[in-house]
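Welcome! Here is a friendly first look at a structure that may be new to you.

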Amino acid sequence: MDERILKLKGEIEQKLSELSELSELDKVRVAYLGKKGSITALLKGMKELAAEQKKAFGADVNKLKEFAAQKIDEKTKELQEKQIELEIKSMPVFDISAPSSQETGSYHPITLVQRQCETIFKSMGFTVEDYAEVVTDYECFESLNIPKHHPARDMQDTYYLENGQLLKSQTSAAQNAILRKYGPDLIKNGTPIRAIFPGRCFRNEATDACHENTFFQMEGVMVDKDISISNLIYFMKTMLSEVFRKDINVRLRPGFFPFVEPGFELDISCLICGGKGCPSCKHSGWLELCPCGMIHPNVLREGGIDPDKYTGFAFGLGLTRLAMMKYGIKDIRDLNSGSLKALSQFTDDE
């Protein structure tokens, strides 16, 4: 083996054995394996060798490169482990039995309302599902009877991403996946589909006291034989009476949503102003809380369910607005403000 290769091999071993800092390791890597490094210089100098020497010399240099890279990697791991050990040893010791001198945190009001709704619907046989915030056009629109270029898409000013996906503008985007997940049990065993799926939604809204570009909804579906609007009203009124611990005045208005037929707007009497009118309810005395209706046959069919045998209802409960009503929050923007003073006053007991 060439003396220059043997010399460099010894140098590398010596320098690595002397290193004690990770910051110095990269300098060694550059010095030997960089574009202007010593090993690279050996390869560049091969043009001066005779033809019969180049093959053997090149093979030896490549072995040296592999040796250097391996030793540097081993040293890297060694120094990283030592650094972790030092950090662990330098960590302050905490007495976990000592009482905390800091105030405890609190849950966000939307979290409190969501958990309460989940508990209520679980008691009525519903499962709680989770779903992605970034979805496909098919999930958010096409599977919900809203084909491309349909004017109903203008109802939601949607945030589209460069890859063709979009930020979920409604929790209904999970509906097709839920129907396909539980549909086989419905068809095979006659087990009703009962599911809710809360989540964060995004729309390019002009913000005011009752509109935000980021808000929370809770979608719910129930599918079985002979499901009717009366079932929908029962579940909604039961949920609202449990949340507010009293009977709530509600009204159903005809509403157009491509994924339900017939479709309704379920409004509740504004609890902030007592129905007299305020900025939160647009001075109408009523607050739109829950678009709902009977699931459109096309949506059921797209989810693998025969609409001639089964019917179902769906609702999109506005968790953000429900939290405003429950806690008397007059401006929706307070919920995303990050103001600890405003948000820390809510508890599970309210």
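The notes below go topic by topic.

This is a predicted model, in which local features need pLDDT of at least 70, side-chain atom pairs count only at pLDDT 80 or more, and totals for chains, interfaces and linings use all residues. Residues are numbered from 1 along each chain as its sequence is written, and side-chain values use heavy atoms, with hydrogens and water left out.

**Nonpolar cores**

- The largest nonpolar core has 45 residues; such a core is a set of buried Ala, Val, Leu, Ile, Met, Phe, Trp, Tyr and Cys residues joined through side-chain atoms within 4.5 Å.
- Here, buried means under 20% relative accessible area, exposed over 50%, and partly exposed in between, using a 1.4 Å probe and protein chains only.
- Cys117, Phe121, Met239, Leu240, Phe315, Leu317 and Leu322 have the most contacts inside this core.
- At least two core residues come from each of α5 (109-123), β5 (214-224), α8 (229-244), β7 (260-269), β8 (286-295), β9 (311-318) and α10 (319-327).
- Of these, α8 gives the most, with seven residues; helices (H or I, at least four residues) and strands (E, at least two) are DSSP runs, numbered from the N terminus.
- Setting aside residues up to four places away in sequence, Cys117 touches Met218, Met239, Val243, Leu317, Leu319 and Leu322, where contact means heavy atoms within 4.5 Å.
- Another core, of 27 residues, lies apart from the largest one and includes Leu166, Leu179, Leu186 and Ala314.

**Helix α10**

- Nine of the nine residues of α10 are buried, so this helix is largely enclosed by the rest of the structure.
- Among those buried residues are Thr320, Arg321 and Lys326.
- After α10 comes glycine 328, with a positive phi near 65 degrees.

**Glutamate 129**

- Look for glutamate 129 in the loop between β1 (127-128) and β2 (134-135).
- Glutamate 129 counts as buried, at 12% relative accessibility.
- Its side chain is joined to that of tyrosine 182 by a polar contact of 2.2 Å; a polar contact is a pair of N or O atoms within 3.5 Å, and within protein one must be able to donate a hydrogen and the other to accept it, while residues adjacent in sequence count only if both atoms are side-chain atoms.
- Beyond its neighbours within four places in sequence, glutamate 129 is in contact with residues including Ile178, Lys181, Ala195 and Pro198.
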